[in-house]
Amino acid sequence: MNHPDPALFGNDPWWLIVVKAVAIFAFLMLTVLAAILIERKLLGRMQMRFGPNRVGPRGLLQSLVDGVKLALKEGLIPAGADKFIYLAAPVIAAVPAFIAFAVIPMGGEVSIFGHRTALQLTDMPVAVLYILAATSIGVYGIVLAGWASGSTYPLLGGLRSTAQVISYEIAMGLSFVAVFIYAGTMSTSGIIAAQDGTWFIFLLLPSFVIYVTSMVGETNRAPFDLPEAEGELVGGFHTEYSSIKFAMFMLAEYVNMTTVSALATTLFLGGWHAPWPINMWDGANTGWWPLLWFTLKVWGFLFLYFWLRATLPRMRYDQFMAMGWKVLIPISLAWIMIVAVARGLRNQGVDEMATVLFSAGAIIALLILVVLWRSARGKETRKPPRQKRDPEVFPVPPLPTATTKERADA
């Protein structure tokens, strides 16, 4: 395998660090432009209509034109808004989405202008916790945007997002714990190295299911897009935003989608490792090929986002919060105990624990899917029982010829 030497991190010349940072920024921006266009086209096909097909050849320039249009629109500020926080909120939402990608491994060792370096900006012993912390900051932009707008509905959308992100970040963090226990490290490059033989999606399937559910809730995407539910909150926290400020919120949403998809690829799908049967080729994980496998896996998760948006209706808020607190978190805690016991027995020399863990994980993952399905459907509203009436009493309307006293008695 072409795993980078840990000594490479921190020893790159300054110009190479700048080149890699600009390359990551360009990768994310191009991914966002392509994701918006592909999502609109896929939603159109899934709903038996045409997607964008006017601007550019077959509508390929639609995302670029939309960005230019938003940038040229007049930026309005509500009269009752806190101006400084109102303007800072989109920046606070967008910047953490970019910095979280700094520790994502996109490939192994390569040669750039004669220098051996890793296709990763940097790494650290607690890289995954750094990603979790960076993505958590983004919710402050949403909350502050709702509060600073000086309007009721954006405030309610911001508060919803706070409760939603906190609830699902707990489940997301617990899904990481099983990976840390089995890999023995929190470093992203170390976790990929631990998946040389078997990807963690097979050994830690319940953690994967919990993480995928949590990442959709974390990014406020359908069917969990409750902070911007049009039915009761108009546009949600960004109702009062326009022009480039609104575009920055959309940019933050799609970059966050890319970041959590890349993290899912790193933790559970072997990162930049080539899938079977391509990995049987000796050169599959060398040179620049790993960047292709990494990008394809990330786009697989982005397609999952698009598919969910076209397929599932928005959940009720009580169903969504109950799913996080009553389903995902308790199952995550139980699964962590199972993984810890299996890891301890493996350290004692019990080699069969991988098979036992795989079997137990498949059963628990199936249980999670069943519970999630039932939670998504919700409880059927029961009709109130009919009140039994005395069979001897029949309400009779007053007759037209009855007197006033007779009508009153009736």
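Modeller: Before we start, helices here are DSSP runs of H or I with at least four residues, numbered from the N terminus. The model we are looking at is predicted.

Biologist: Thanks! Where is Ile 278 placed?

Modeller: Ile 278 touches Ala 284 and Trp 293, leaving out residues up to four places away in sequence. As for its own place, Ile 278 lies in the loop between α10 and α11 (289–311).

Biologist: Is Ile 278 buried, partly exposed or exposed?

Modeller: Buried would need under 20% relative accessible area, and exposed over 50%. The relative accessible area of Ile 278 is 32%, so this residue is partly exposed.

Biologist: How far apart in space are the C-alpha atoms of Ile 278 and Trp 293?

Modeller: These two residues are in contact, and 15 residues apart in sequence. From C-alpha to C-alpha, the distance between Ile 278 and Trp 293 is 9.8 Å.

Biologist: On to the rings. What kind of pair do Phe 176 and Tyr 211 make?

Modeller: It is one of the 17 aromatic pairs that a search of the whole structure finds. The ring centres of Phe 176 and Tyr 211 are 5.7 Å apart, with the planes at 40°. Stacked needs planes under 30 degrees apart and edge-to-face over 60, so this pair is tilted.

Biologist: How many residues apart in the chain are Phe 176 and Tyr 211?

Modeller: Phe 176 belongs to helix α5 (residues 152–183) and Tyr 211 to helix α8 (residues 205–218). The pair thus links distant parts of the chain, with a separation of 35 residues.

Biologist: What about Phe 208 and Phe 268: which kind of pair are they?

Modeller: Here the centres lie 5.6 Å apart and the planes are at 70°. Planes over 60 degrees apart put a pair in one class, so Phe 208 and Phe 268 are edge-to-face.

Biologist: Which helix holds Phe 268?

Modeller: Phe 208 sits in helix α8, and its partner is 60 residues away. Phe 268 counts as buried at 0% relative accessibility, and its helix is α10.

Biologist: Which charged residue sits over the ring of Tyr 182?

Modeller: Tyr 182 is one of the residues that Leu 204 touches. The charged end over its ring is 5.5 Å from the ring centre, and it belongs to Arg 343.

Biologist: Last one: which residues does Ser 167 contact beyond its neighbours within four places in sequence?

Modeller: Ser 167 is in helix α5 and counts as buried at 2% relative accessibility. Its contacts beyond those neighbours are Met 321, Trp 325 and Ile 329.

Conventions
Residues numbered from 1 in each chain as written. Predicted model: local features only at pLDDT ≥ 70, side-chain atom pairs only at ≥ 80, totals over all residues. Heavy atoms only, no water. Contact = heavy atoms within 4.5 Å. Phe/Tyr/Trp six-rings, centres within 6.5 Å; stacked < 30°, edge-to-face > 60°. Helix = DSSP H or I, 4+ residues; strand = E, 2+ residues; numbered from the N terminus. Buried < 20%, exposed > 50% of the residue type's maximum accessible area, 1.4 Å probe, protein only. Lys NZ or Arg CZ within 6 Å of the ring centre and 35° of its normal.
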